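Let's walk through a few packing details together, from a pair of helices to a single side chain. Have the structure open and follow along.

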Amino acid sequence: MHLTREEEGMLAGEQGHATRKAMQILVALGKIYDADRMVRVSSVQVSGVSYKNLGDAGLEYLSELAKDGRARVKTTLNPAGMSLTDWKSQGINGGFAEKQLKVIEAYRKLGVEISCTCTPYLAGNEPGFGQHIAWGESSAVVYANSVIGARTNREGGPSALAASLAGRTPLYGLHIQENRVPTVAVDVETQLEQPEDFAAMGYFVGRAVKDGIPLFRGVARATLEDLKTISAALASSGGVAMFHLEGLTPEAALGARSLEALTFTKKELTETKSMLNDEGTPDFISVGCPHCSLAELAMLARLLSGRRVKREFWICCSREVKRQGDEAGYSSLIEGSGAKFALDTCMVVAPVEELGYKVVATNSAKACHYLRNAGLKVRFMPLEECVTEATRSS
Ligand code: F3S
């Protein structure tokens, strides 16, 4: 792998301990994937923030890097395991909170923006078409590649942070145009009427294509919320890092060649939705995986206005989108119902299973996937039904 003179120096420790560590990770990755050289990145999204996933070893690693490491490009952060300000009302114990706040402090010292959201593209980290970036949140990776046309591999927490500290990443995979062409077509032969239909389709297709690049054909329109949720679903049931929607996403024309095709009909849609539903009455309801958009807050405000929630109801979103919701008057209507904003965190990375809940209702296929892995039962339903469930007496 060719390194520039500056990169050789970084690897030799001329720019400090953290930069050296970062370059070691990036060079090792480059060798594994046969990269010819590094490419500069303009934006990084770091995952691996919840103390639930990092543990003490992760906290120690970050604290060590924070002694002399600094982000070289715009770097934002994934959700943490709790609200950074309201963790007590979320039922989080003090021991967990103390460690989580130390993790955040280490990231702050590293020059990472404490954005704590998985939708950085709705909160000020908005790369442009064709830009090389290194993002480490799988749903955001799919969104960035597919919808924005920026270029990123599916980074893990350490490799994303390394890219931030070194300002570059090895040039391989989805940074190279020829690797961005679709590998399989999906003929969509049913109406997709709401984001949850896109989520179910993403979940079905992710399982079928694993780490392939699907090209969806026959979808006439898609909202930001549809694209956000399909991105998350594709990346959770499979290892998808990019998709194309014919006629809608910016690089879909790269697919002008004959491909093996799957079909997605009403039957697959119905079966996938039913597969994402366990038995049981929800005792916890949460929406916003990925974190809510302003349009979702508008819908929630309309649905919750004048109603009272009867069970724990979390609305996960970034502080930036919440701020926009405050200005638009949505937040007061939502909070007036007793629903809670879960800022900085989400129902998956917070230790919900330790808070005593058993059955979670959500409109996210991705959340269903991970909550089941954590031992909880799940009910997959549209956002409107989540509100009905939350406001119904059990
Ligand atoms: Fe975001 Fe949490 Fe879902 S990080 S994509 S809301 S699992």
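Ala18, Thr19, Ala22, Met23, Ile25, Leu26 and Leu29 in H2 touch Pro158, Ser159, Ala162, Ala163, Leu165 and Ala166 in H6, where contact means heavy atoms within 4.5 Å. These contact residues comprise 11 nonpolar, two polar and no charged; Ala, Val, Leu, Ile, Met, Phe, Trp, Tyr, Cys and Pro count as nonpolar, Asp, Glu, Lys and Arg as charged, and the others, Gly among them, as polar. An α-helix has 3.6 residues a turn, so residues three or four places apart point the same way.

This is a predicted model, in which local features need pLDDT of at least 70, side-chain atom pairs count only at pLDDT 80 or more, and totals for chains, interfaces and linings use all residues. Residues are numbered from 1 along each chain as its sequence is written, and side-chain values use heavy atoms, leaving out hydrogens and water.

Because 10 of its 11 residues are buried, H5 is largely enclosed by the rest of the structure; buried means under 20% relative accessible area with a 1.4 Å probe, protein chains only. The buried residues of H5 pack against strand S4 (134-135), helix H8 (224-237) and helix H13 (365-373). After H5 comes Gly149, with a positive phi near 85°.

Finally, find Leu304 in helix H10 (residues 294-304). Leu304 counts as buried, at 0% relative accessibility. Beyond its neighbours within four places in sequence, its contacts include Val309, Phe313 and Val387.

How values were computed: Helix = DSSP H or I, 4+ residues; strand = E, 2+ residues; numbered from the N terminus. Buried < 20%, exposed > 50% of the residue type's maximum accessible area, 1.4 Å probe, protein only.
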